[in-house]
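Reader: I'd like to walk through the cross-links, charge pairs and packing of this protein. Can you take me through them one topic at a time?

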Amino acid sequence: MFRSAAFFHRTCIVSVLVLAAASALCQTGAPVAKSASPELRVFDPSLIDKTVDPCQNFYRYSCNGWFKHNPLPADQASYGRFTELYELNRLHLKQILEQAAVPSPTRTANEQKIGDEYATCMDVAAVDKLGLKPLQPELDRIAALNSPAELPPLLAHLHDIGVDAFFGMGSNPDFADSSRVISFYGAGGLGLPDRDYYTRTDPKSVEQRQQYVDHVRKMFVLAGEPDAKAARDAETVLAIETRLAKASLTMTEQRDPQNLNHPTTVAGMEKMLTHFSLAEYVAAAHARAAGKVDDMEPKFFAEFNSLVADTPIDQIRTYLRWHLLHAYAGTSLPESFDHENWYFYAHILNGAEKEQDRWKRCTSRVDHELGEALGQVYVAKYFPPAEKQRTLEMTLAIEQAMGRDIDGLDWMSPATKAKAKEKLHAVMNKIGYPEKWRDYSKLKIVRGDDLGNAMRAQEFETARDLAKIGKPVDKNEWQMTPPTVNAYYDPQMNNVNFPAGYLQPPFFSGKEDDAANYGDMGSTIGHELTHGFDDEGRQFDKDGNLKDWWTKNDEQKFNERAECMVKQYDAIEAVPGVHLNGKLTLGENLADLGGLWLAWMAWQSKAEAAHIDMTAKMDGYTPDQRFWIAYAQQWCTQTRPEQLRTQAESDPHAPAEYRTNTVLQDLPAFAKSFSCKKTAAMVNPKPCRVW
Ligand SMILES: [Zn+2]
C-alpha cells in the first residue's frame, strides 16, 4: 500500500474501510455502481418499515425499505448511503474524465493530465503487453543492494515512489507549535491492514496469516520466481513484518497523541540507529535535515535498527521486492497481479465476490493522484455556490449550539468552560474545496506510460510533502479531494472540512427542509466539531498545540463520563466472538453522540425562531420525527460478515447499526419524539452523556 503523506491521522466521518478512497489504498472491495436511484432524498418515507416498532429497533425501522431495494452488490464488501453517493459521484467523474481523455487543442493543462492519466490507466491491453518491463529498473536497484550500509539511499528512493517499506517519513505540524511544519518518522512496512493481524492467536487470524503468506508467494511466482523459492520468500516477508508489527503501537495506543510525541533531531535518532544512517537517508530524500523532528515510535525504530543488523541481506532484498510489487499491483501491473491483489485484500479479507470494473479503479486513481485538478472541474459542474452558503449557515448554527451546550454543562468548571469556548470560537470552517488550487504544472503525465505516470505522481506528492518541512503551516490545505464523500476534523489545525462531494443528497439537499438537513448533515457537522473535544482532540488547544488546558478535576470528570461509553461499546458483540473495542472507537462514539445532540439543539432553536408548527405532519411524521429518521437513514448499510469482522477489529468507527441505535438509546429526546416506554430497547435507562 502506498504510504500516506499525512502522518498524524485526521478524524473522518467514515473510514476507508467503508469507503475506498482510491484504488491504490483499496483494501476493500470498493463501491459499485448500480443504477443510481433517480432521486436520493435526505428524509425518505418510502424507506421506512412500519412493521418494525421504532422503539425496539430504530435502525431497522428507518432502513428496512432501503435494504430491500439495495441488495449487496457482488463487487462490494459493504454498501450503504455513503457508497450510494460515492457511486453517483464516480459516474460524474467518469463523464468528466472521458471527455478530458479526447485529445483536443482546447484542453487545459489540467484536463490534459487527468484525461491522459485516465485513458492510459484504462488501456489494460497495453499494461499487460509491457508486463513487468517498466518495473525492471526498480527491481534491478533492489537486486543491487549488497550490504545494510547501502540501504539508506535505496529506501529513500523507494519511499519517494510510494513504496511502504520499513518506516515512513513525512511532514506534519509540530505537536508543540502547530504553526510550523517539521518531519515525522513513523512505523510502517506491513502488508496486512494493521499490526494486530500479526499477533492475534484466534483461529481466524491464524488462517488469515496463512492466506497472506500464500498471497505473497503467488505474487512472487507471478514475478517469475520458482515455486520453492517463492514459498521461502513469502515466509521471510511474514517473519520480517511480524518483527516490525510487534514493535509497533496498537491503533488504540496511537489514538493518544502523547504516545507519538517524541521530539528529537536527526542526530538524536542516529544515536539509537547505529546500523542505519538516517543522515544519509535524509540527504537522499532531499529533505530538510536541520531542526526538530518527531520520532513517533522509538520502540519501533530500535527494532528496525536490530533488524537491519541481524537480517541477511538477501532477506532484506526479498522484503523490499515484495513491497515494490505490492505498491503497484492495483492497476499499474499486468492483470494477473491486479487480480491476485483483489483476491486477497477484497475477497479474502473483506468478502467481496467480484472485482470492480476497471473504469472505477481508474477514476479513483485519478482522484488520488490528481485530486485537485479533477476536483476543480468537478466543483465547477456540480457544486453551486448556494449549497456552500447554506452549509456554512448550518455550521455556524451548530457552533452556536455548542456554545450553549458548554454553558449548560453541570460537570465542568467555569475556568475550563472559558477555554473550551475559546477553542470553539477559533474553529475554522472549510466547505467544498480549497481557496487556492494545487499546482500540478511540474507533474508530467505521459499518454501510454501507465507505471511511469503512477511513479511520477507519487514522486510529485512526496516532493510536495517534504518541501513543507521547516515552513509555516498552510491552514488552507486540504487532506481530502473535493469529490470525496467524507468529512474530517484536524486537531492540529483546529478546522472542520466538508468536501463538495459529500454536500449532496442523501446527506444534504437544498430542496428539503431543516428538520431533515439538521438530522443528517447537521449531525455530521456536530460530529466533526465534537472531535475537537473528544478524548484525543481535547488534548489540543485552540491553536492546535498539544497543550493541556483542563483543570485536573474537570479532566477526571470527563474521563469518568467517557468511561461510560467505553463500557457501553465494549459490551457489543459485532460478529460472534468479536466485541467492539470501546477504547479504539471512543473518539468516534463521543463525536456521534455529541454531534447528534448539538444538531438537535441547533434544530430546536431554529424551529423556534422560525415558528415552525411542531405538530404539523409531513408524510405522516412530525418535524422532530423526521429529524431522527433523517439521522438514521444516513447509516443504512449492508455489510458482509468478513468486512464486519475487519471493521470490528480495526475501524475506529462502530458499525452503522450501532452508530444509529446505540447513539439514540443515549438520547432521551429521541425517546420522547416517538413516545417510547422506559423499558423499550431503544431507551438506555442510564444514558451516557459527555457533551
Ligand atoms: Zn469522526
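This is a predicted model: local features need pLDDT of at least 70, side-chain atom pairs count only at pLDDT 80 or more; totals for chains, interfaces and linings use all residues.

Reader: How many disulfides does a search of the whole structure find?

Author: A disulfide is a covalent bond between the sulfur atoms of two cysteines. To count here, a pair of cysteine sulfur atoms has to lie within 2.5 Å. Searching the whole structure on that basis, the number of disulfides comes out at four.

Reader: Let's start with Cys 55 and Cys 676. How many residues apart in sequence are the parts that this pair ties together?

Author: The sulfur atoms of Cys 55 and Cys 676 sit 2.1 Å apart, which makes the pair a disulfide. Cys 55 lies in the loop between strand 1 (11–12) and helix 1 (58–69), while Cys 676 is in the segment after helix 26 (668–673). So the separation in sequence of the parts tied together is 621 residues.

Reader: Are Cys 55 and Cys 676 buried or exposed?

Author: The cut-off for buried is under 20% relative accessible area. Cys 55 has 7% relative accessibility, and Cys 676 has a relative accessible area of 13%. Because those values fall under the cut-off, Cys 55 and Cys 676 both count as buried.

Reader: Where does Cys 636 lie, the partner of Cys 63?

Author: Cys 63 and Cys 636 are joined by a disulfide, with an S to S distance of 2.1 Å, and both cysteines are buried. Cys 63 belongs to helix 1, and the two are 573 residues apart, so this link connects distant parts of the chain. As for Cys 636, its place is the loop between helix 23 (623–633) and strand 12 (637–639).

Reader: Now the pair Cys 564 and Cys 688. Is that disulfide left-handed or right-handed?

Author: In this disulfide the S to S distance is 2.0 Å. Cys 564 lies in helix 21 (residues 552–570) and Cys 688 in the segment after helix 26, so parts that are 124 residues apart in sequence are tied together. The torsion about the S-S bond is about -80°, so the disulfide of Cys 564 and Cys 688 is left-handed.

Reader: On to charges. What is the N to O distance in the salt bridge of Glu 84 and Arg 81?

Author: Side chains of opposite charge can pair when their charged atoms come close. Glu 84 and Arg 81 are three residues apart in helix 2 (residues 81–100), so about one helical turn separates them. Glu 84 is buried at 7% relative accessibility, and Arg 81 is buried as well, at 2%. Their side chains meet in a salt bridge with an N to O distance of 2.6 Å.

Reader: How does Asp 177 with Arg 180 look: buried, partly exposed or exposed?

Author: Their closest N and O atoms are 3.8 Å apart in a salt bridge. Since Asp 177 is at 28% and Arg 180 is at 35%, each of them counts as partly exposed.

Reader: Which residues do salt bridges with shared partners join into one network?

Author: The search of the whole structure turns up 51 salt bridges. One of them is between the side chains of Lys 542 and Asp 543, at 3.3 Å, N to O. Elsewhere, shared partners join salt bridges into one network made of Glu 372, Arg 438, Glu 461, Arg 464, Asp 465, Lys 468 and Glu 477.

Reader: Which residues is Phe 674 in contact with, leaving aside its neighbours within four places in sequence?

Author: Phe 674 is among the core members that touch the most others. With those sequence neighbours set aside, its contacts are Pro 54, Cys 55, Phe 58, Tyr 61, Gln 625, Trp 628 and Ile 629.

Key:
Residues are numbered from 1 along each chain as its sequence is written. Side-chain values use heavy atoms; hydrogens and water are left out. A nonpolar core is a set of buried Ala, Val, Leu, Ile, Met, Phe, Trp, Tyr and Cys residues joined through side-chain atoms within 4.5 Å. Buried means under 20% relative accessible area, exposed over 50%, partly exposed in between (1.4 Å probe, protein chains only). Contact means heavy atoms within 4.5 Å. A salt bridge is a side-chain nitrogen of Lys or Arg within 4 Å of a carboxyl oxygen of Asp or Glu. Helices (H or I, at least four residues) and strands (E, at least two) are DSSP runs, numbered from the N terminus.
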